[in-house]
Amino acid sequence: MSNSLKRLEIRLKEREDEYICYKQFYILVGTFNVNNRQAPANILLKEWFYKVTYNNEENKQMYIPDIIAVGFQEIDTSGGAYIYDDKRKEDEWEYMVRKTIKSCYEKNNEENIKFKLLNRVRLMGILLFVYVRSTHISKCTLVSRSSVPTGFMGIAGNKGGVGIRFRFYETDICFVNSHFASGDGQTQRRNDDYQTVESRMAFTDGPTYSIKDYFWYTPTTAESSAPNPQNSSFPSQWWKISDHDIIFWCGDMNYRISQPNEQVRKAISELSTVPLQEKDQLRCEMKLDHVFTGYYEPTINFLPTYKFDINTDNYDTSEKLRTPSWTDRILYRSKRLKVLNDNQNELETIQTINYSCATNIKFSDHRPVSGLYLVVIKYECDEKLSNRIREELIRESDRIENELIPAIEVNPRPPQIIFNHIRYLDKPNYSLIIKNIGECTCVCTIVPSSISTSFQYLTFSPNPPYTININQEQHINISFDAKTNIKQISDILILHVENGADTFITLDITLDNGPFSLSLDEYPSTFYDNENKKYIYTNDNKFHSEHIIEMINDPPIIFISLIDCLRERNDVNLLFIFNNDIQDSLDLIPIRNQIYENNYDFINYSTPEIFMILLHLLQSLPQPLISYEIQDKMFLNTKEYFLRQDDMTKAVSIIVERLKTKERNLFFRFLILLKKCWPTKEQIQKSNEEYGNIFNIAIDILALSILHEHLDRNQRHAFILACLNEEKKN
């Protein structure tokens with residue numbers, strides 16, 4: 001689309017009040033962290049919905065929603081349900097929600113109200129359902145869903161977000177359900193999770209490819225063009241979250257109250273929670289524009305929703321004694337705050353009718369939260385009037401071309417992102433300031449150029465696009481995630497100004513990956529002291545003793561030293577290492593720095609730190625321990641066959657025979673370590689009851705460390721279990 005055509009569409013949209021007929025609809029949104037509990041067979045979740053749709057007992061007024069969006073976190077994962085992507089638990093919760101909707105709104109009503117499931121999407125324990133009243137279902141088009149993991153090492157789906165978007169009549173609506181990092185001191189981690197989901201979630205009206213495809217699809221200059229919509233191999237439309245007219249974002253966002261625990265509990269006992277909201281991390285971060293820019297949340301008139309002792313009204317009395325917090329939230333955003341209906345009645349785009357939590361649903365350590373909203377929807381478009389306005393705007397286009405052209409000033413000038421000697425796991429930042437020096441509001445975004453290869457490694461805070469008023473400034477923080485085997489990046493980004501001149505941002509990054517991202521053959525040789533019967537933990541190859549032997553078939557000494565250090569310890573517990581609280585508290589930079597200095601004495605580091613840096617080394621290998629070639633030969637077109645335990649065990653034997661000697665030795669060393677720390681069935685069951693799906697997350701990460709993200713998830717899980725001669729834990 002040319003710039004002049006873009007300007008025409010923008011101008012036409014600015015006048016949509018003249019040709020659009022609006023109508024208000026009720027939207028119910030709910031979020032519930034169910035703490036890995038079974039969907040209760042003997043109860044309904046009626047209070048969750050009734051709390052916001054039943055006005056009061058005096059006038060008996062009931063609001064019937066037109067759309068219901070329900071988000072769950074930590075749906076039950078006990079019994080290895082995720083090892084084979086079992087949909088059973090997902091179906092159980094869908095059945096529970098369906099029964100609740102029927103009981104609340106479909107039973108004994110004169111209007112014969114019915115709801116239909118429009119779509120559902122799941123990322124491990126994060127689940128989202130969207131229901132629409134059957135009378136509107138034909139007006140729901142361009143339905144799409146998406147998911148973004150942000151969990152362990154940035155690849156696991158225990159944390160992240162899922163989304164469903166669709167066009168409702170003439171309005172584009174998006175629902176997002178997320179689960180962010182836990183822990184009292186992990187505000188920045190939660191902010192990072194938000195930025196990752198917001199920037200990487202993309203929807204399409206065709207087959208989903210990746211966020212990278214979305215970037216390539218977006219035209220960056222007046223001369224560039226989108227892929228041909230007629231080409232069936234590529235979707236004709238893409239949407240990011242921010243592209244929608246209406247957005248509801250719910251979930252267990254895990255933001256805490258930054259007050260001492262005893263003060264928080266005292267305030268709750270006195271029902272004096274307003275001061276606590278001033279210390280609520282989410283609200284504080286929103287005020288600083290660190291997250292959820294442009295989103296709104298009404299005043300919270302309910303008590304903190306986390307953490308309760310199960311089936312009681314008591315806040316956490318366990319050893320951890322967690323601080324009560326409003327972790328479960330619903331936020332919303334609209335492109336326009338108000339519209340003018342029939343050129344006379346001004347309507348607020350989203351009005352909160354009720355925002356509450358269900359205090360009597362107690363089987364989880366969270367309380368479910370729900371909100372009812374009256375939302376203005378673009379109901380009908382007067383095509384004749386729209387075309388008439390379009391023609392009018394076209395006649396004015398010559399004048400418009402020469403008027404109100406946006407202009408910006410960028411600092412630093414020229415914008416040059418230069419990161420030198422960046423180490424693996426570093427996240428360097430660059431600050432950019434855009435000032436609107438023109439005579440009209442401008443809209444900017446940052447997009448990759450046609451030669452860009454590194455855009456996927458960048459994170460922008462806040463996320464684009466940016467609307468900047470006259471003489472106002474927009475501060476942007478650009479960070480680079482240095483977990484790549486690329487050694488040098490020279491790239492160009494485009495700061496695109498709608499209807500104005502673009503600015504080029506140069507990107508020059510030099511990475512020092514040290515021992516990370518090397519192939520096993522690129523490491524220094526491994527030496528063994530035959531007299532003292534021990535490996536030499538150094539990379540110094542200058543030895544003058546006949547007792548020092550070069551071990552050409554052994555893996556690099558860094559892997560041996562890490563594995564041997566772990567094998568000598570008695571506290572290697574996978575379920576402990578992959579516990580959310582432990583993972584959120586880890587700082588791997590000190591042990592990483594020591595590895596860069598070729599110092600392999602890890603006695604002063606914790607077991608989780610040593611274990612996780614080992615996994616990072618395995619993940620950073622250019623080729624996985626089981627090479628892509630071997631994986632393809634063994635598993636290509638055999639997805640179903642190798643899901644059977646016996647067949648996968650045979651496949652493991654064949655794969656081991658095909659490994660090179662050095663890879664095979666490292667593979668066996670790693671498996672011996674895993675066998676030592678592999679949990680028993682009883683330990684897994686106890687962990688599932690107390691902490692959720694840690695075991696399955698561990699399998700996920702361990703399999704990815706050996707295989708990388710090449711096979712499908714079912715095959716990876718089956719492979720790692722077969723390697724350890726482990727049956728499915730039921």
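The legends below walk through several close-up views of this predicted model. Residues are numbered from 1 along each chain as its sequence is written, and side-chain values use heavy atoms, with hydrogens and water left out. Because the model is predicted, local features need pLDDT of at least 70 and side-chain atom pairs count only at pLDDT 80 or more, while totals for chains, interfaces and linings use all residues.

View 1. The bond from Asn 411 to Pro 412 is cis, with omega near -5 degrees. Pro 412 sits in the loop that runs from strand S16 (408–411) to strand S17 (416–423). A cis bond also links Pro 464 to Pro 465, with omega about 5 degrees. Here the loop holding Pro 465 lies between strand S20 (458–461) and strand S21 (466–468). Strands are DSSP runs of E with at least two residues, and helices are runs of H or I with at least four, numbered from the N terminus. For context, most peptide bonds are trans.

View 2. Most residues other than glycine have a negative phi. Asn 36 has a phi of about 60 degrees, and its place is the loop between strand S1 (20–33) and helix H2 (46–53). Phi of Asn 311 is near 60 degrees; this residue belongs to the loop between helix H8 (281–287) and strand S11 (328–334). Are these residues buried or exposed? Asn 36 is buried at 7% relative accessibility, whereas Asn 311 is exposed at 56%. (Buried means under 20% relative accessible area, exposed over 50%, and partly exposed in between, using a 1.4 Å probe and protein chains only.)

**View 3. Ser 334 and its neighbours.** Ser 334 is part of strand S11 and is buried, with a relative accessible area of 13%. Its side chain reaches the backbone oxygen of Arg 336 at 2.9 Å. Leaving aside residues up to four places away in sequence, Ser 334 touches Asp 245, Ile 246, Thr 349 and Ile 350, where contact means heavy atoms within 4.5 Å.

View 4. Domain 2 (20–210 + 237–381) and domain 4 (520–724) both contribute lining residues, so the largest cavity lies between them; the domain bounds come from an automatic or database assignment. Glu 74, Asn 158, Asn 580, Asn 693 and Ile 697 lie nearest the centre of this cavity.

Notes. 1 Å grid on protein atoms, 1.4 Å probe; cavity = no way out; pocket = protein on both sides within 12 Å on 5 of 7 lines; lining within 4 Å. Polar contact = N/O pair within 3.5 Å; in protein donor to acceptor, adjacent residues only side chain to side chain.
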